[in-house]
Amino acid sequence: MATRRLLLSRVFVCCTNIIFLISGFVLMSLGALLLADNERILLSRLLGPGDIQPDQPLFYYLAFAIVGLGFFIAITGLFGCWAACLFNRCITISYLTTITLLLFGECTVCILAVFWPYLLGIDVRPARLIRALQRSYAVPGREQFTAALDLAQTTFSCCGINGSSNYGTSWWRLQEVGRRELVVPLSCCTLNNVNETDSFLNPEPANLTLCQALNPAEHQHARHTMGCLEMIEKWTQDQALILLAVGLSIIFVEITVVLSTFFACSKNNKRQKSQTSTFTSTQTLSPFSENDHDFGLGIENRMHMSGTTFGAKS
């Protein structure tokens, strides 16, 4: 009965590690899907920390991190299946240590993402976004930021961070980087091709004249008047919730694996202790020791030899 329970616990450990292995492959797939989602990656350029402009948007690096984490989890799952089959103490301890460190790292990242996102490079403070717009929009060398803001304005039907007035003091206007007659970028206008995938790259205003009018009564129906800040914050929260849900799911699987491994180890230890106690009690209850047994055999042999000698004399 005890052997059957031990076998069942090992099977359960193998099953949980297989699920852990599958979760690693799922995580790699999600990272690949994120890497292929160009618009999502481009929008994440708006989340960059401070005035630092990394080579690629934040989600580009996040996608590779997710793929790397998934690969590490898959390798760890294979290691766990091997440890469950061998049930070697050293291998099991190494496996549990790896899972514990992985859990600690993932929990730390989740806590930072919830309470201190700026430590992970996520900064959507209005002052930072307005400063980035005024210093980077349409400036040579900042084409990615320009495309990201155009995408946000087209997708969310908004203009600027707090409103179209943010462009009045931007380098785009003051240094006349863009066309002189433009008061706001074309992506702030109501577009005819808004349903096209690349409309933010080639915007076609429904009425360019009214869109660029200074009088609010004239441009209110031809231009987006709402700022993008609220929509960017909501989009960031949605992405954070998705990542948090994925992270918590992986953490739940890892906790299940750790608990199942501990359960199987405790069953194995109890079985070994019961076998040891049974062997000890058998030795204690035996009326003769090994030496007594040998002594008895010696007496029988001598009696047999004496009987043989007596028969020969007769």
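Biologist: Where in the chain does D123 sit?
Modeller: This is a predicted model. Helix α4 covers 89–115 and helix α5 covers 126–136. D123 has its place between the two, in the loop from α4 to α5.

Biologist: Is D123 buried or exposed?
Modeller: The relative accessibility of D123 is 6%. Buried means under 20%. D123 therefore counts as buried.

Biologist: Which residue has a side chain in polar contact with that of D123, and what is the distance?
Modeller: The side chain of D123 makes a polar contact with the side chain of R125. The cut-off for such a pair of N or O atoms is 3.5 Å. The contact between D123 and R125 is 2.8 Å.

Biologist: What separates the C-alpha atoms of D123 and E233?
Modeller: Along the chain, D123 and E233 are 110 residues apart. In the model, their C-alpha atoms are separated by 9.7 Å.

Biologist: How many aromatic pairs are there?
Modeller: Rings of Phe, Tyr and Trp pair if their centres lie within 6.5 Å. By this rule the count is 8.

Biologist: What kind of aromatic pair do F115 and W116 form?
Modeller: The ring centres of F115 and W116 are 5.9 Å apart, with 50° between the planes. Stacked planes are under 30 degrees apart and edge-to-face planes over 60, the rest being tilted. The pair of F115 and W116 is tilted.

Biologist: Why is the pair of Y137 and W172 edge-to-face?
Modeller: The ring centres of Y137 and W172 are 6.0 Å apart. Edge-to-face needs planes over 60 degrees apart. The pair is edge-to-face because its planes stand at 85°.

Biologist: How many residues apart are Y137 and W172?
Modeller: Y137 lies in the loop between α5 and α6, and W172 lies in helix α7, residues 171–174. The pair links distant parts of the chain. Y137 is buried at 4% relative accessible area, and W172 is buried at 6%.

Note on methods. Residues are numbered from 1 along each chain as its sequence is written. This is a predicted model: local features need pLDDT of at least 70, side-chain atom pairs count only at pLDDT 80 or more; totals for chains, interfaces and linings use all residues. Side-chain values use heavy atoms; hydrogens and water are left out. Helices (H or I, at least four residues) and strands (E, at least two) are DSSP runs, numbered from the N terminus. Buried means under 20% relative accessible area, exposed over 50%, partly exposed in between (1.4 Å probe, protein chains only). A polar contact is a pair of N or O atoms within 3.5 Å; within protein, one must be able to donate a hydrogen and the other to accept it, and residues adjacent in sequence count only if both atoms are side-chain atoms.
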